[in-house]
Amino acid sequence: MSPGPQSGGQERGSMERKMVELEDTGLTFATEVDLERLQALAAEWLQVIGEDPGREGLLKTPERVAKAWAFLTRGYRQRLEEVVGGAVFPAEGSEMVVVKGVEFYSMCEHHLLPFFGKVHIGYIPDGKILGLSKFARIVDMFARRLQVQERLAVQIAEAIQEVLEPQGVGVVVEGVHLCMMMRGVEKQHSRTVTSAMLGVFRENQKTREEFLSHLRDGTA
Ligand SMILES: [Zn+2]
């Protein structure tokens, strides 16, 4: 029953789907998460840390926590085909496409605390390109799970590889980790850069250099 990052979205069709509205955001989404159970756990969590779930300020907190966590982990219940939709288009040419500064918000799997930042993506097409807005959707699908930053980069790169079968893909993730900053460790390394390179981005140093130089010039 532990939904590992690799098992996301596959065998969940049989579970009940509910529409949830996120307070203050105007955002509505469908979820199969057992919200009542999560709510009960959140109330217990409050007790364990020494709080009183019955005090006024916390009365609605377990419900909010349950909804927020359903949202923050909704990537487990998304599928790549659905996320990409019909946005793969035929294209000629093999110029590098670079998409810079895609925002992400994720939760570290070691402490359940946020890490967030930007993803930069480059690929060299081999007959297929993807609508620009879909890169943000792919990033979001993998960020809205428990993650480590290294795996986030790899999963995004592999997803683009799967969808576009390009000559190569490069993904660079820059993240700030609250689990490090708030616990007072490694403050000097709180901003972390990880990358994943596939195909010509891995094999050809010139291609990799070209991608990284795109990331250096201008603001992301
Ligand atoms: Zn952590």
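The paragraphs below go through the domains, their interface, the zinc site and the salt bridges of a predicted model.

Residues are numbered from 1 along each chain as its sequence is written, and side-chain values rest on heavy atoms, with hydrogens and water left out. Because the model is predicted, local features need pLDDT of at least 70 and side-chain atom pairs count only at pLDDT 80 or more, while totals for chains, interfaces and linings use all residues.

The chain is assigned domain 1 (18–76) and domain 2 (87–215), with bounds that come from an automatic or database domain assignment. Their centres, taken over C-alpha atoms, are 29 Å apart.

Eight residues of domain 1 are in contact with seven residues of domain 2, contact meaning heavy atoms within 4.5 Å. The two domains bury about 750 Å² between them, 63% of it on carbon and sulfur atoms; buried area is the accessible area (1.4 Å probe) that two parts lose on being put together, summed over both.

Five residue pairs are in polar contact across this interface, both residues at pLDDT 80 or more. A polar contact is a pair of N or O atoms within 3.5 Å; within protein, one must be able to donate a hydrogen and the other to accept it, and residues adjacent in sequence count only if both atoms are side-chain atoms. On the side of domain 1 that touches domain 2, helix α2 (residues 61–72) gives the largest share, three residues.

One salt bridge is counted between the domains, the term meaning a side-chain nitrogen of Lys or Arg within 4 Å of a carboxyl oxygen of Asp or Glu. Asp140 pairs with Arg74 in a salt bridge, with the closest N and O atoms 2.7 Å apart. The structure holds ten salt bridges, including one between Glu32 and Arg17, whose closest N and O atoms are also 2.7 Å apart.

The zinc ion has as protein donors Cys108 (SG), His111 (ND1) and Cys179 (SG), at 2.1 to 2.3 Å. Donors are N, O and S atoms within 2.8 Å of the metal (3.2 Å for Na, K and Ca); water is not among the atoms, so sites may look incomplete. The donor residues follow the spacing C-x2-H-x67-C.

Methods
Helix = DSSP H or I, 4+ residues; strand = E, 2+ residues; numbered from the N terminus.
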